[in-house]
Amino acid sequence: MNSTYAEGRGVAGRLTSSRGWRRWLISYLIGALAAAAQPPVHILPVLFISFTGLVWLLDGAQTRRAAFGIGWLFGAGYFAAGLYWVPNALMVDAARFAWLIPFSVLGLSLGMGLFTGLMAIIARLFWKQGISRICMLCGAWVLFEGLRGIIFTGFPWNPIGNVWVAVPPVLQGAAWVGVYGLSLMTVFAAAAPAVMSAPASRYCHSLAMSGLVVVALVAVVGAVRLENPPPNRVDAPVIRLVQPNIAQKEKWSPTKRAINFARKLQLSTLPAAAQPTHIVWPETAVSFKFLFDPAAQLLLRRIVPQNGYLLTGALRVDRVAGRAVGAHNSLVAIDGDGRPQTVYDKHHLVPFGEYVPFRSVLPVEKITPGAIDFSAGTGLRSLRLPGLPPFSPLICYEAIFPGRVVVRRDRPEWLLNVTNDAWFGISAGPYQHFASAQMRAVEEGLPLVRVANTGVSGIIDSYGRVIASIELGRHGVLDVALPAPAVPTPFAQLGNVIPAALMIVLCFISVLTHKKEPL
């Protein structure tokens, strides 16, 4: 270990020289603190404490094992604090699933922490003095943040770049570099002050502030972008978003189904200043079998706008000889005769929520009702319906995957995300989910319509701005004209190639700028 860091004074010196349980506890706590920058809290300054502290802890790591432990516990703290609400889904049927709560909290946070642990090992392989180590940390962080969104079907929840949904000018940077590019910038800006622990030089303070300069430049360019929105659509369709706010425990209750359906019907027929041309219900609002019932079709005929559609989430079951052999989480278009038309089946399923991976060896059931696992659809599609611009349907957490929400060779003009955030309860989960939807709108330069069983429903323009919304825990409707798409963004054209290239460039800069003496 380089004596420069071992002999440092103040906070940097104490973190660098920490050992044993103190080092592990600090790693966990500063990781948990970083989660406070995510929605709905948005305390961005905590990132400077967390990432500067992470650099100083890694300065004192004398072995790869120590570096892994620091990164692992940092990540475990970050995910434990950011995903504390996950057990709410298990409490919907506590008699069957409450026993899994300790495993879900520990398993998810420690499992996701493995990515940051491996990140720390990779970064440490090239850990040198000065700004070099900051560049390497950023590159390694984004590499493993991207891998987290791919491996084991992917779980890119709460990337660091998501913190900028609270700052619209900086958020616009996602149009060029995507959320992973914003993560790269964020980690660099938050970790750069760590160079102050190195020997004094005339560049020390400039390097410490360099990340903030980059953020400021992005904000200026983003502000200019916000001043030049696309013109409004001529004869834009008016879409009614219906948020029924039905408790998850009551959603499929036999004694509540008629009441729940009546609530959606009543909300769909409320008077409006601008007559809606289409109506959207949330994920799994009805069963597919129900849609073929003549009585149901009669009721639906009364609410579907003339020459319009009801777009609704539906539970679709495949049957052979009357026996259920497959299930699909679907989006269905209901025409003016009350009959189902276009169907889209969710293709990116939630592990343990909609199916059980390694079912033959894992002694657990899926959380959603039903004895059989859901089956995945064929993939992304651009749907075309008369009276509507082409759109890309996204069910539930399909909207959290950067660069994987549209068919690029068949670009849609808007995104439709139906979801059921009632599983999350009154927590940070629905706000984090909504923030990912905002990020996808900016990345793709497309407006996004989001309809949830309960909060947050809303319409987001192609700049990530929320035009109107219905908050968590409330029922109601929104009637909003569909915004126009923006010009295809660089990210929409190249996707995650851009942040990947930035990551490689930053790592190359790290190699070029490091000093010869290793830690």
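Let me start with serine 104, which sits in helix H8, residues 101-125. Helices here are DSSP runs of H or I with at least four residues, strands are runs of E with at least two, and both are numbered from the N terminus. This is a predicted model, in which local features need pLDDT of at least 70 and side-chain atom pairs count only at pLDDT 80 or more, while totals for chains, interfaces and linings use all residues. Residues are numbered from 1 along each chain as its sequence is written, and side-chain values use heavy atoms, with hydrogens and water left out.

Back to the serine. Serine 104 counts as buried because its relative accessibility is 18%; buried means under 20% relative accessible area, exposed over 50%, and partly exposed in between, with a 1.4 Å probe and protein chains only. Its side chain reaches the backbone oxygen of isoleucine 101 at 2.8 Å. Neighbours within four places in sequence aside, serine 104 is in contact with Pro87 and Leu90, where contact means heavy atoms within 4.5 Å.

Next, two helix pairs. Helix H3, residues 20-34, packs against helix H5, residues 64-82, at an angle of about 40 degrees, with the axes 6 Å apart. The axes are lines fitted to C-alpha atoms, for helices over the stretch in contact, and angles run from 0 to 180 degrees between N-to-C directions. H3 and H5 are therefore oblique to each other; under 35 degrees counts as roughly parallel, over 145 as roughly antiparallel, 65 to 115 as roughly perpendicular, and the rest as oblique. The crossing of H3 and H5 is right-handed, meaning that the near helix is turned clockwise from the far one by less than a right angle, with anticlockwise being left-handed. By class, the contact of H3 with H5 has 13 nonpolar, four polar and one charged residues. Nonpolar covers Ala, Val, Leu, Ile, Met, Phe, Trp, Tyr, Cys and Pro; charged covers Asp, Glu, Lys and Arg; the others, Gly among them, are polar. On the H3 side the residues include Arg23, Trp24 and Tyr28, and on the H5 side they include Ile70, Leu73 and Phe74.

The second pair is helix H9, residues 131-148, and helix H19, residues 497-513, at about 155 degrees with axes 8 Å apart. That angle makes H9 roughly antiparallel to H19. Their crossing is left-handed. The H9–H19 contact has 10 nonpolar, four polar and no charged residues. Among them are Cys135, Met136 and Cys138 in H9, and Met503, Leu506 and Cys507 in H19.

Now the loops. Threonine 454 lies between strand S10 (448-452) and strand S11 (457-460). At 6% relative accessibility, threonine 454 counts as buried. What does its side chain reach at 3.0 Å? The backbone nitrogen of glycine 473. Beyond four places in sequence, the contacts of threonine 454 include Gln243, Asn245 and Asp421.

Proline 357 is in the loop between strand S6 (340-345) and strand S7 (383-385), and counts as buried at 18%. Proline 357 touches Pro351, Phe352 and Leu362, not counting residues up to four places away.

Last, histidine 42, in the loop between H3 and helix H4 (46-59). Buried or partly exposed? Histidine 42 counts as partly exposed, at 27% relative accessibility. Its C-alpha is 9.9 Å from that of asparagine 162, 120 residues apart in sequence.

Note on methods
A polar contact is a pair of N or O atoms within 3.5 Å; within protein, one must be able to donate a hydrogen and the other to accept it, and residues adjacent in sequence count only if both atoms are side-chain atoms.
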